[in-house]
Amino acid sequence: MLPIGGDIFVVVNEWRDKVLIHIRKYEKNSAEVYVPTKKGIALDLNQWQLLEMYVNEIEEAISQMIDDVTGVPEMTFHLGRGVYVSVNKTYPTVDVRQRWKIPETNQIVSTKKGISLTYDKWEALKGTFPDVRETVPEIETTTPCILSEDHQNQEGMLMCSNCNPFAEPL
């Protein structure tokens with residue numbers, strides 16, 4: 001468990017033969033042992049790699065929101081499978097959250113599955129990247145699908161359910 005502030009931790013575990021990296025709020029139970037809550041999100045190795053890859057862009061978005069440079073109320077970065085990182089002008093946080101598409105309206109909305117990090121906690125999360133890479137050496141050999149050969153054209157990306165989770169079939 002890598003603390004990033006308050007009761008929020010980064011935790012690596014395996015579930016159904018798949019390595020997941022959680023950014024999650026924990027609470028102490030009656031025995032004073034930390035137990036996970038529903039507040040948080042589990043990222044697979046591809047999503048974690050993309051989170052690391054987008055650090056500079058997320059930092060730039062935070063700076064733009066603080067300085068009110070763009071006039072854009074929110075900037076988002078897709079990590080795959082409907083998980084997005086959002087930086088919002090109204091709420092000074094970095095939000096890592098699952099989204100889904102309402103079938104009747106085709107509107108894409110945020111779900112409760114995720115976590116909002118203050119800028120301090122975001123900084124602490126970035127500080128866990130080396131420890132997570134040391135704990136999960138498979139990250140080094142994992143290639144996010146957006147960097148794969150079949151994604152070097154628009155059709156390949158559009159056909160990918162990871163990159164384009166809300167797509168209508170072509």
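Predicted model: local features only at pLDDT ≥ 70, side-chain atom pairs only at ≥ 80, totals over all residues.
Four strands form an open sheet in the order β1-β2-β3-β4, and their pairing is antiparallel. The edges of this sheet are β1 (2–5) and β4, each of which pairs on one side only. Neighbouring strands are turned by 40° against each other on average, direction ignored. Within the sheet, strand β2 (residues 8–15) is joined to β3 by 8 bridges in the antiparallel sense, and Trp15 has Lys18 of β3 as its bridge partner. Helix α3 packs on this sheet, where it touches β1, β2 and β3, and its direction makes about 170° with that of β1. Strands β3 (residues 18–28) and β4 (residues 34–43) also run antiparallel and are joined by 7 bridges; here His22 is partnered by Ala42 in β4. The hairpin of β3 and β4 has 5 residues between the strands, and Glu32 in this hairpin adopts a positive phi near 65°.

A further open sheet consists of 4 strands in the order β5-β6-β7-β8, again with antiparallel pairing. Its edge strands are β5 (74–80) and β8 (108–118), each pairing on one side only. The twist from one strand to the next averages 25°. Antiparallel pairing of β5 with strand β6 (residues 83–88) extends over 6 bridges, and Glu74 stands opposite Asn88 in β6. Helix α1 packs on this sheet through β5 and β6, and its direction makes about 145° with that of β5. Helix α3 (residues 119–135) lies across β6, β7 (93–101) and β8, and runs at about 80° to β8.

Helix α1 (residues 45–53) is mostly covered, with 8 of its 9 residues buried. The buried set comprises Leu45, Asn46, Gln47, Trp48, Gln49, Leu50, Leu51 and Glu52. At the start of this helix, a side-chain oxygen of Asp44 comes to within 3.1 Å of the backbone nitrogen of Asn46.

Asp68 follows the helix and has a positive phi, near 55°.

In soluble globular proteins, nonpolar side chains tend to be buried together. The largest nonpolar core of the model contains 34 residues, and those with the most contacts inside it are Ile23, Leu43, Trp48, Leu51, Ile58, Leu79 and Leu125. When neighbours within four places in sequence are left aside, Leu125 is in contact with Ile4, Val10, Ile23, Trp48, Leu51 and Leu117.

His151 is located in the loop between α3 and α4 (154–159). The relative accessible area of His151 is 11%, and this residue is therefore classed as buried. Not counting residues up to four places away in sequence, His151 touches Cys145, Ile146, Gly156, Met157, Cys160 and Cys163.

Technical notes: Residues numbered from 1 in each chain as written. Heavy atoms only, no water. Buried < 20%, exposed > 50% of the residue type's maximum accessible area, 1.4 Å probe, protein only. Helix = DSSP H or I, 4+ residues; strand = E, 2+ residues; numbered from the N terminus. Polar contact = N/O pair within 3.5 Å; in protein donor to acceptor, adjacent residues only side chain to side chain. Core = buried A, V, L, I, M, F, W, Y, C linked by side-chain atoms within 4.5 Å. Contact = heavy atoms within 4.5 Å. Pairing = 2+ DSSP bridges. Axes fitted to C-alpha atoms, helices over the stretch in contact; angles between N-to-C directions.
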